[in-house]
Amino acid sequence: FVQRILALEPEEQQLRMQHMWLGLLRQYVAESVAAEGSSERHGMVERFPFGRRHRAENAVLYWITLLVGLSCIAALFVFSRLNAATAWLVWVVAACSAIGTAWFRKRGQHLATVLEVTPFGIAELDSGRRRVIAFAHPLLFRNRPLLRRAELVAVKSGEVLHLDYRRLGFVRLVHLVAQHAFGRNEDAT
């Protein structure tokens with residue numbers, strides 16, 4: 001529920017929270033929204049990061065899978081007299097933990113990105129690296145509900161930017177892309 005509120009524009013968030021009839025729920029949602037952060041506006045540039053909760057959850061899961069994997073490998077060396085079935089089970093858990101650790105690391109890098117939207121294009125900032133799609137070029141917008149994201153594709157170059165549903169201000173992000181890239185009025189989308 002809080003994630004749906006976070007996807008809205010700040011004005012719409014406040015309006016929805018004001019219409020909550022249960023005071024405890026209103027307070028909980030307001031505190032959760034405040035703790036997550038928000039999209040930012042600086043002149044013509046709007047920035048859309050991920051919320052703090054998603055980044056923190058991913059970091060915790062990364063460290064848990066890393067520690068489980070290292071513990072399993074250490075157990076194989078310390079308890080060298082394990083029967084074959086147990087040793088193989090521990091080895092499989094260690095391998096799955098290694099795969100999980102790599103996946104959470106890659107996901108953490110994605111969660112650290114920020115999308116910047118201007119009237120001229122959209123850019124993904126990733127620890128010093130910047131991938132840009134200009135709105136002047138032919139674009140394709142695809143919704144991927146099973147992957148919980150939309151994709152903006154530059155037709156000529158094949159460059160793809162993922163617009164993840166979990167980004168703060170996702171609704172505003174889509175409105176801006178539709179308005180700037182496809183020339184639609186915000187109210188029409």
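Trainee: What should I keep in mind about the model before we start?
Mentor: The model is predicted, so local features need pLDDT of at least 70 and side-chain atom pairs count only at pLDDT 80 or more, while totals for chains, interfaces and linings use all residues. Residues are numbered from 1 along each chain as its sequence is written, and side-chain values use heavy atoms, with hydrogens and water left out.

Trainee: How many helices and strands are there in the protein?
Mentor: The protein has 6 helices and 8 strands. Both are DSSP runs numbered from the N terminus: helices are H or I with at least four residues, and strands are E with at least two. Along the sequence the pattern reads α-α-α-β-β-α-α-β-β-β-β-β-β-α.

Trainee: What share of the residues is buried?
Mentor: Of the 189 residues in the protein, 37% are buried. Buried means under 20% relative accessible area, exposed means over 50%, and partly exposed lies in between, with a 1.4 Å probe and protein chains only.

Trainee: Turning to the sheet, what is the strand order?
Mentor: The order is S1-S2-S3-S4-S5 in an open sheet of 5 strands, with antiparallel pairing. Strand S1 (40–42) and S5 are the edge strands, each pairing on one side only. From one strand to the next, the twist averages 20 degrees. Axes here are lines fitted to C-alpha atoms, for helices over the stretch in contact, and angles run from 0 to 180 degrees between N-to-C directions. Two strands count as paired if DSSP finds at least two bridges between them.

Trainee: Is S3 mostly covered or exposed?
Mentor: Strand S3 (residues 114–118) is mostly covered, with 5 of its 5 residues buried. Val 114, Glu 116 and Thr 118 point one way from S3, and Leu 115 and Val 117 point the other way.

Trainee: And which strands does S3 pair with?
Mentor: Strand S2 (residues 45–48) is joined to S3 by 3 bridges in the antiparallel sense, and Arg 47 stands opposite Glu 116 in S3. S3 also pairs with S4 over 5 bridges, again antiparallel. Val 117 has Ile 122 in S4 as its bridge partner, and 2 residues separate S3 and S4 in their hairpin.

Trainee: How many bridges join S4 to S5?
Mentor: There are 6 bridges between S4 and S5, which run antiparallel. Glu 124 has Arg 131 in S5 as its bridge partner.

Trainee: What about S6 and S7?
Mentor: Strand S6 (residues 139–144) and strand S7 (residues 149–154) run antiparallel and are joined by 6 bridges. Phe 141 is partnered by Leu 152 in S7. The hairpin of S6 and S7 has 4 residues between the strands.

Trainee: New topic: how much space lies in the largest pocket?
Mentor: The largest pocket holds about 460 Å³ of space. A pocket is defined on a 1 Å grid over the protein atoms alone, as an open set of points where a 1.4 Å probe fits, with protein on both sides within 12 Å along at least five of seven lines; lining residues have an atom within 4 Å of a point. Grid points are joined across faces, edges and corners, and the volume is the space filled by probe spheres set on the points.

Trainee: Which residues lie nearest its centre?
Mentor: The largest pocket is lined by 17 residues, and Lys 106, Arg 107, His 110, Arg 149 and His 162 lie nearest its centre. Helix H5 (84–111), strand S4 (121–126), strand S5 (129–134) and strand S8 (160–164) each give two or more residues to the lining. The largest share, 6 residues, comes from H5.

Trainee: How does the lining divide by class?
Mentor: The lining has 4 nonpolar, 4 polar and 9 charged residues.

Trainee: How many disulfides does the structure hold?
Mentor: The structure holds 0 disulfides, a disulfide being a pair of cysteine sulfur atoms within 2.5 Å. The sulfur of Cys 96 is 9.6 Å from the closest cysteine sulfur, in Cys 72, and that is too far for a bond. Cys 72 is buried, with a relative accessible area of 13%.

Note on methods. Ala, Val, Leu, Ile, Met, Phe, Trp, Tyr, Cys and Pro count as nonpolar, Asp, Glu, Lys and Arg as charged, and the others, Gly among them, as polar.
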